[in-house]
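Reader: Please show me the structure. I would like to ask some questions about it.

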Amino acid sequence: MYILLLLFWIILNGKITLEIFAFGVVFAAAIFWFMCKFLDYSPRYELCVARNIIWILTYFVVLIIEIFKSAIAVYKRVYSKKIEIQPQMVFFDVDIESEFLRFVLANSITLTPGTITVDVTDNHFCVHALDYTLAEGIENSVFIKMLKIMEENCCGC
Amino acid sequence: MIRLILSALFIFAGVNVIITALVGNYRFSYVLNRMQVGATADTMGAILVLIGLIIKIGINMISIKMIIMIIFFWVASPVCSHFLARTEAIANEDILDECEVVRHDNI
């Protein structure tokens, strides 16, 4: 995370000189300290990320494929006059304990065209779908399975 | 030359996505349905246009900044549409007329 902050500083500056690098080291350290102290961040999350790196990359690939698939399904419904849409509000539970992973799941559902997360309280999800076919099997989708595996690998951090 | 064609294809696809979002906004009548289509302009459209531009200028500091822009778009846009959807779901009393409700939970 410290290295990412330093990289972000260098990228925003646009070029690498010794002066920029020295300032970056100091500022990145300050921000890292702030994150640990006030934003509930701790270095053991990095261990968790390192353990899950393959799953995280697979998750992104699957997410992009799903986005393209459902985007095509939505565009069919936009341009064709024959298909009447039947909007649907789906309530379902997920058994994911970690709050961050639930946030990731809610954001992935919203990113996929055709479905929007309306409400999340604890582990009850409320999802609005443009058409009932887009919400089919949402309560045991591939995202939830992958996030569960990631949570098991993390073992409590 | 190949890079130019590839980037043109990506930008063309992105503009198409944004036009589709525009058409969809007029095609549907209810707020949540309109938002479903409108949110794709943020994610898919912006991404495709930015990827086209990245291919066009090659890898340097500006294209790395564009990649950071993509990440911010993907994190920020769902939060925005989530808040709009929740406000609509709380404020609208006749929401059951617009969509059927299916429950898989055990409340």
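Predicted model: local features only at pLDDT ≥ 70, side-chain atom pairs only at ≥ 80, totals over all residues.

Author: Residues are numbered from 1 along each chain as its sequence is written, while chains are lettered from A and ligands numbered from 1 in the order in which they are written.

Reader: Which residue in E3(A) is the bridge partner of Thr115(A)?

Author: Helices (H or I, at least four residues) and strands (E, at least two) are DSSP runs, numbered from the N terminus. Strands pair if DSSP finds at least two bridges between them. Strands E2 (residues 115–121) and E3 (residues 124–129) of chain A run antiparallel, joined by 6 bridges. Thr115(A) has as its partner in E3(A) Ala129(A).

Reader: How far apart are the end C-alpha atoms of helix H5 of chain A?

Author: H5(A) covers residues 99–111, which is 13 residues. The expected span is 1.5 Å times one less than the number of residues. That gives 18 Å, and it agrees with the distance between the end C-alpha atoms, 18 Å.

Reader: Which element gives the largest share of the side of chain B that touches chain A?

Author: Two residues are in contact if their C-beta atoms, placed from the backbone, lie within 7 Å. By that rule, 33 residues of chain B are in contact with 29 residues of chain A. Helix H1 (2–27), H2, H3 and strand E1 (100–103) of chain B each give two or more residues to this side. The largest share, 11 residues, comes from H3(B).
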